[in-house]
Amino acid sequence: MNLNELIWGAVGFLLTVMALSYLIGDNFFFRLATHLFIGLTAGYLAVILINQIIWPHLVVPLATGTWTERLWLVIPLGLVLLLILSQIPKLSGLGKVPLAFLAGLTAAIAIGGAVFGTLIPQSRVVLDAFDPARWYEIPGQTWLRILDAAVMLLGTVGTLSYFHFGRKFKTGSKDEETQRPLLLEGLSKVGQVFIGITLGAVFAGIFSTALVALIDRLIFLGVFIIQLTGGM
Amino acid sequence: MKKILGIAVAIIVGLVVLAGYFFQSQLSPILALVFEWGLVLIGVAGLIGIGYLLAMHMRKIVRWEKRSFFSIIVLIAFLFAMIAGILLTPQNALYRDLVLNVQIPVETSLLAILAVTLFYASLRLIRVRGWTPMSIAFLASAIFSLILDLGIIQTGVGTIASTVLAFFERLPLVGARGILLGMALGGLVVGLRVLLAIDRPYGE
Amino acid sequence: MMMLVLICPECNAHNPPDAESCQDCQASLAGVAPSELPDSLDSENEDFDLFEPEEKDLPDLLYFLKQDDQAEDEESLLEESGASQPEESPDQPEEHTPEWLDTVRKRAREEEDSAGELIRRVSAAQETLAGDHGESHHEDFESWIQKLREEARDKAAGQDEASEERSSGEGEAGESDPEWLSRVRKAHGSLEPPREPDAAGRSLLEWLVELEEGQEENPPEEEDGEIAEAEVTQPIRTHGDEAAGDRTQEVRTGTTPAKETETAKAELVTVGITRDEHEQADLLATTITDERADRPTPLEKPKTAGWLVRAILALLLITGMSLALFSGSQARLPGGQLPPAGQALWDWAAELLEGASLLLVFDYQPGYAAELELIAAPILKETLAKASEVAFVSSSASGTLLAEALLTEVMEASAVPKDSFPVENWGYYPVGAFGAYGIASGLNASMQLPNLPEPTLTFPQRDYEGILILSDQFDGAQAWIEQLTVLSPDTPVHLLVSAQAGPMLMPYFESGQVSGMLSGVGDAAGLESVMDQGGVVARRWRAYQVGTLSLVAMLVLGVMISLIAQPQSDRRGEV
Amino acid sequence: MTWTLLGWIFIGLGAVILLVLGWIIKLKGYPPRRMPAIQYLQGSRVAAIERGRHQQIVLGHQLWSRVYPGLGLFALSVLPSLLDPENLVNGDQAVSTSDGSVVVFAQQIIQGRYQEGFSTSLHESSVRAALPGPTPLSFTAGLLADVQAHPHGSLALFGDYGPEAALWAMSAARRGGQVFAAAGSIASQAVLYLELRDLLLGEEVFMVPGLLAPTSLNLAGLLTEDILRIGLILLLIAGVILTLVGVV
């Protein structure tokens with residue numbers, strides 16, 4: 001272990017111990033580590049935003065571009081100025097235009113991404129599963145393919161039914177006010193099961209990820225102690 | 001006037017970008033420009049957001065509230081990281097070590113804490129949720145996925161067991177597909193609400 | 001406080017109980033039964049402000065609430081006694097309002113549209129206090145208060161009973177309520193009482209209502225053994241005479257049965273002071289005590305049991321995993337084959353031609369670096385050895401730093417000379433969707449419009465042999481997949497993602513949008529086994545097994561516990 | 001008919017339905033399902049004011065949500081319904097996020113609400129938009145410290161989160177606060193499912209604006225989504241039949 005490794009190792013060791021001390025409750029050391037982390041991350045992010053966004057996309061073209069390019073830059077520059085000025089409470093109205101620009105952009109990405117990125121491809125998968133040619137691709141697995149396709153359709157329709165917003169048409173009690181119209185309510189029961197299965201699998205994945213992080217920290221602490229005590 | 005201007009800007013920008021999906025090659029240069037302006041705005045908004053963070057801690061220090069000491073830590077760390085970043089540049093190896101050797105231990109430790117939190121929270125699943133079709137499915141699926149991930153269940157290639165196992169492995173995808181489709185529908189309507197000026201997060 | 005008055009049947013004026021004719025219109029009061037009215041409403045000359053100075057220190061909202069609460073009680077009393085409302089000046093409460101509110105109200109009077117919702121409500125409350133019983137003005141606040149009262153009554157009836165009532169049917173509780181309350185509930189919907197955590201800490205209003213109803217009890221204990229709040233509440237001593245105290249409380253609630261009031265009256269006589277004096281003394285005592293009484297301050301009661309259980313469980317987990325890690329032996333990785341998505345990625349990497357051009361997307365946070373490195377390092381070793389040019393882009397703030405660290409490490413480990421091929425850094429794009437759209441636009445740009453500046457966002461146009469997305473979250477990877485596959489469908493996209501993202505990304509593999517995927521340490525173990533290069537994952541595998549099996553045991557234990565104990569879930573419509 | 005054309009038809013249909021229901025018919029009578037979680041959210045917010053406890057509204061980690069970009073906008077569309085006059089006057093409420101754009105939007109919305117009938121000077125000491133940390137995990141660290149520093153009466157999550165949301169949500173819940181989550185990401189839902197009962201799943205999160213403020217425009221949004229969903233279900237079934245008979 002050289003000096004560089006020792007210094008960074010010690011920093012990492014101390015921060016790990018301080019952060020993990022939260023396991024026994026909120027304490028001074030945890031707060032110290034987290035606030036140091038917050039401040040440093042904010043400082044780093046500010047540098048990155050200036051260095052990789054503002055500088056190359058606004059400042060450099062403004063300084064080195066042709067007059068036509070500079071003229072075009074009046075638009076983003078104006079939007080930026082309005083956004084900054086809108087932070088003064090009395091001038092908050094100025095923020096409408098830049099924020100409207102961002103809102104319009106976000107909305108369009110949302111629509112395009114949702115329809116062409118998810119709705120169409122995912123619906124196609126459901127339909128493709130029912131292509132009879134696919135059922136006979138692998139000999140001996142035809143029945144499984146058919147079952148698979150049927151379950152996929154039932155599960156997808158059931159899950160979608162679960163999300164139905166409208167309530168049962170005729171409600172007699174408060175309990176019924178939580179229910180969907182009859183047919184959709186029945187399908188939603190199936191959907192519940194599939195949503196539960198999905199969430200369970202995702203939960204297992206998340207735990208796995210978090211567990212690897214825990215293992216990594218345990219190895220880091222153990223190895224650092226061993227290296228420190230066992231000779232550098 | 002401001003009200004109409006805001007709505008008009010949102011609708012025009014939205015329609016131009018949306019049209020970009022349709023007339024991709026024709027609108028590509030304009031779209032790139034619009035995205036670039038959006039990116040600059042996002043960057044400036046990010047800096048303003050950091051300003052909010054600093055202002056909050058400055059207020060705590062000025063009022064000398066409880067735990068102001070930690071606000072001082074935040075400000076010192078911020079100034080240090082910012083000045084070092086400007087002087088050394090983010091590409092510098094020393095700066096990289098400085099940032100990552102703080103971020104990785106703390107972030108990984110937070111995830112490690114999450115592992116422990118989930119570990120004892122799992123004890124309460126049924127107590128909290130009760131016996132419902134969804135909670136039972138959740139429980140069964142979680143246990144199945146965890147065991148499967150360990151590689152404890154081994155089946156031969158092309159056997160019936162492997163086929164059945166593959167079928168069960170694919171079950172989470174069914175719900176996932178339904179959830180994805182549902183979320184996409186929600187995203188579509190939310191986007192339309194903004195473009196039709198029903199939602200105006202930029203101000204009334 | 002109550003006073004007896006004779007209400008004129010002609011002009012509704014209030015007269016002393018011994019008057020024979022109306023002081024205003026001189027109409028005969030013979031045969032008119034005396035009615036009870038609160039002092040505050042009875043006397044026009046009396047100051048409206050019933051609150052102690054300390055009360056003005058309450059938050060504005062509570063102050064307004066109390067005004068409204070008071071008004072409601074008075075209203076109830078009026079309804080019960082059948083008396084008509086007295087005339088009051090609507091502007092009286094203004095002297096208690098903050099300066100800003102005065103300004104706004106002034107503006108509100110001048111410009112109708114400038115008044116905010118609260119101002120309208122407060123004005124409505126004032127009008128109510130002034131005697132305007134127009135339902136449209138005060139129903140919002142009134143129903144809110146009523147809901148809270150209902151909530152408090154439920155609680156006072158006992159936590160267990162309340163729980164039973166909730167599960168057996170909510171409609172029953174409302175059956176005995178007055179008709180006006182039913183109407184309000186119908187208009188606003190009923191508010192179900194909060195559950196366990198909040199059950200321990202009662203609100204100020206609930207506490208007040210309980211106090212009024214003489215049901216002040218020790219706060220209920222929290223059920224679940226978690227950190228609970230204890231409420232420190234002093235016993236309320238309204239008067240030396242308990243009966244009188246009770247009566248005072250009953251009068252304030254406006255629900256005193258006539259018979260009990262008579263009893264109290266009888267007891268009053270024995271005190272030997274005048275009725276007015278007694279009632280005023282009661283009012284003063286109640287108000288002072290009420291204001292000086294300790295509010296139900298939520299205090300944290302250290303729940304050692306819950307904390308201890310968690311600490312022991314955490315200790316067991318960490319100890320078990322530490323032993324597995326440092327016991328010296330290495331676990332055998334699961335053999336067999338990779339899952340289809342992993343196999344497809346491995347096949348692509350193995351068959352990649354020399355001189356390939358690759359794009360790497362770094363979309364993970366530093367906290368996930370440990371897992372992502374386990375998954376990505378073997379694939380990167382394999383592909384970088386064949387690459388002729390590599391570009392990387394980041395959509396996570398620290399992505400650039402993580403990319404440089406990982407690429408340096410991999411190239412050192414696989415003995416690839418650092419300058420054997422160019423590594424281009426395309427920088428950080430704060431939004432995955434933006435970055436992906438920019439790349440894809442660049443790939444597809446087929447024409448330039450005159451006079452438009454060259455966008456700096458556009459990426460070099462290049463045909464890639466593959467795009468590798470390293471992501472810690474499902475949504476991060478999804479944004480890139482969606483945009484790339486829509487706008488650049490011919491470039492194969494591969495995923496190297498954390499275990500938490502894997503299950504949700506599988507549909508993209510099935511739909512063909514993604515060509516291959518490795519997810520989580522399970523797949524990393526499989527790959528290490530296939531590559532026959534044991535070491536990094538194998539060292540962690542036993543600890544991983546211990547942790548995973550411990551979670552399985554916890555889930556099973558939870559099931560067993562819930563079979564013995566009653567589930568806490570009592571909510572209908574819940575899944 | 002190509003799939004892309006079908007996509008455009010879907011978008012056009014959605015726009016027309018929303019336009020007609022929201023702006024022309026001004027829909028009134030479409031009651032959504034009762035969601036106990038929403039009722040508890042409202043109850044917890046009232047209780048928080050009375051107990052003098054802190055309220056926190058968290059708007060997620062990004063405006064351009066990666067699960068799909070609509071989620072950031074959704075969080076912002078919910079915010080106005082949560083800025084009741086009562087809360088604005090009480091003031092002990094924070095609106096936090098880890099995204100710079102969202103915090104700027106949130107501040108704009110808050111200021112807009114104040115200007116509806118309040119003195120702007122009140123704003124200085126009242127509800128604020130805050131950014132406890134600029135990245136998801138630094139935000140977690142910041143919010144965790146905040147939750148520990150003073151008890152939260154109500155914590156409401158809207159928008160996009162990772163699994164780290166479980167850390168602060170469970171911490172707030174253990175300290176007696178009521179936590180409501182309309183967190184859009186599946187990862188956060190999977191972990192919050194363990195301990196939170198006031199949790200909306202999947203597309204249910206988009207019900208929130210309609211349930212909190214059942215205006216004709218919000219109800220029109222709900223009905224439009226319902227119509228599109230039923231349309232999608234029918235299209236899937238029809239598509240399956242056509243695939244089986246070999247037309248598609």
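**Chain contacts, domains and packing in the predicted model**

In this predicted model, 94 residues of chain B are in contact with 98 residues of chain A, two residues being taken as in contact if their C-beta atoms, placed from the backbone, lie within 7 Å. On the side of chain B that touches chain A, two or more residues are given by each of helix 1 (2-22), helix 2 (24-62), helix 3 (68-88), helix 4 (93-121), helix 6 (133-149) and helix 7 (160-195) of chain B, where helices (H or I, at least four residues) and strands (E, at least two) are DSSP runs numbered from the N terminus. Helix 7 of chain B accounts for the largest share of this side, with 22 residues. By class, the side of chain B that touches chain A comprises 68 nonpolar, 20 polar and six charged residues; Ala, Val, Leu, Ile, Met, Phe, Trp, Tyr, Cys and Pro count as nonpolar, Asp, Glu, Lys and Arg as charged, and the others, Gly among them, as polar.

Residues are numbered from 1 along each chain as its sequence is written, while chains are lettered from A and ligands numbered from 1 in the order in which they are written. Because the model is predicted, local features need pLDDT of at least 70 and side-chain atom pairs count only at pLDDT 80 or more, whereas totals for chains, interfaces and linings use all residues.

Chain B also meets chain D, in a contact that takes 53 residues from chain D and 46 residues from chain B. On the side of chain D that touches chain B, at least two residues each are supplied by helix 1 (3-25), helix 3 (70-82), helix 5 (100-114), strand 3 (128-130), helix 7 (136-149), helix 8 (165-174), helix 9 (186-192) and helix 11 (216-244) of chain D. The largest share of that side, eight residues, comes from helix 5 of chain D, and its residues divide into 33 nonpolar, 13 polar and seven charged.

Within chain B, the domain assignment, which is of an automatic or database kind, gives domain 1 (1-88) and domain 2 (153-204). The C-alpha centres of these two domains of chain B lie 30 Å apart, and six residues of domain 1 of chain B are in contact with seven residues of domain 2 of chain B. The side of domain 1 of chain B that touches domain 2 of chain B has three nonpolar, two polar and one charged residues. For chain D, the assignment gives domain 1 (9-33 + 220-239) and domain 2 (35-209), with 28 Å between their centres, taken over C-alpha atoms. Here five residues of domain 1 of chain D are in contact with four residues of domain 2 of chain D, and the former side divides into two nonpolar, one polar and two charged residues.

In chain A, helix 1 (residues 3-20) and helix 7 (residues 182-229) pack at an angle of about 130°, with their axes 10 Å apart; axes are lines fitted to C-alpha atoms, for helices over the stretch in contact, and angles run from 0 to 180 degrees between N-to-C directions. Helix 1 of chain A is therefore oblique to helix 7 of chain A, given that angles under 35 degrees count as roughly parallel, over 145 as roughly antiparallel, 65 to 115 as roughly perpendicular and the rest as oblique. In this contact A:Gly9, A:Gly12, A:Phe13, A:Thr16 and A:Leu20 in helix 1 of chain A meet A:Arg217, A:Phe220, A:Leu221 and A:Phe224 in helix 7 of chain A, a set of five nonpolar, three polar and one charged residues.

In chain C, six strands form an open sheet in the order 8-7-6-9-10-11 with parallel pairing, strands being paired if DSSP finds at least two bridges between them. Strand 8 (423-428) and strand 11 (516-519) of chain C stand at the edges with a single partner strand each, so one side of each is left without a neighbour in the sheet. The twist averages 15° from one strand to the next.
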